[in-house]
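Student: Please take one part of this model and go through it closely. I would like the aromatic pairs and the helix packing around them, with the cut-offs stated.

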Amino acid sequence: MDGIGYVLIWTLLIAAPTLALWKRRWWPSALYLVGILIFLYEMLKEKDGWDDLSDLATLIVVVIPIYIIASVLWVVNWVMKRKIN
């Protein structure tokens, strides 16, 4: 990936937990932060020349599903809160 690709990915990866923290949704925020930490660990790990492919695979196979689960949890929490009120 090129530099602009990493900037866009990191912008999206950081925007979701920031918004969740701002809205005080703690469980989705924790899951988003786990996804960020996994992706950060993968980026900093030595991969013997397969850096971009390994980062992209981790993003697609691990981080995006974690973000989807966190987003579903956020929506479920929002719906449950609306039902209670």
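Tutor: A search of the whole structure finds three aromatic pairs. Rings of Phe, Tyr and Trp (its six-membered ring) pair if their centres lie within 6.5 Å; planes under 30 degrees apart count as stacked, over 60 as edge-to-face and the rest as tilted. One of the pairs joins Y32 and Y67, with 4.8 Å centre to centre and 55° between the planes, and is tilted. This pair links distant parts of the chain, as Y32 belongs to helix α2 (residues 26-44) and Y67 to helix α3 (residues 51-84), 35 residues apart. Helices are DSSP runs (H or I, at least four residues), numbered from the N terminus. The model is a predicted one, in which local features need pLDDT of at least 70 and side-chain atom pairs count only at pLDDT 80 or more, while totals for chains, interfaces and linings use all residues. Residues are numbered from 1 along each chain as its sequence is written, and side-chain values use heavy atoms, with hydrogens and water left out.

Y32 has 2% relative accessibility and therefore counts as buried; Y67, at 11%, is buried too. Buried means under 20% relative accessible area, exposed over 50%, and partly exposed in between (1.4 Å probe, protein chains only). Y32 also pairs with W74: the ring centres are 6.3 Å apart and the planes at 70°, so this pair is edge-to-face. Because Y32 lies in helix α2 and W74 in helix α3, the pair ties together parts that are 42 residues apart in sequence. W74 is buried, as is Y32. Y32, Y67 and W74 form one aromatic cluster.

Not counting residues up to four places away in sequence, L13 touches I36, F39, V63 and Y67; contact means heavy atoms within 4.5 Å.

Next, helix α2 itself. Its buried residues are P28, S29, Y32, G35, I36, F39 and E42. These cover an arc of only 155° around the axis, which puts them on the same side of α2; the arc is that of the directions from the helix axis to the C-beta atoms. An α-helix has 3.6 residues a turn, so residues three or four places apart point the same way. What covers the buried residues of α2 includes α1 and α3. The face turned away from the buried side carries the exposed residues W26, W27, L37, Y41 and L44.

L31 lies in helix α2 and, at 27% relative accessibility, counts as partly exposed. Leaving aside neighbours within four places in sequence, L31 is in contact with I66, I69, A70 and L73. E42, on the buried side of α2, is in contact with S54, as is K47. S54 is found in helix α3 and counts as buried at 19% relative accessibility.

Terms used:
Helices (H or I, at least four residues) and strands (E, at least two) are DSSP runs, numbered from the N terminus.
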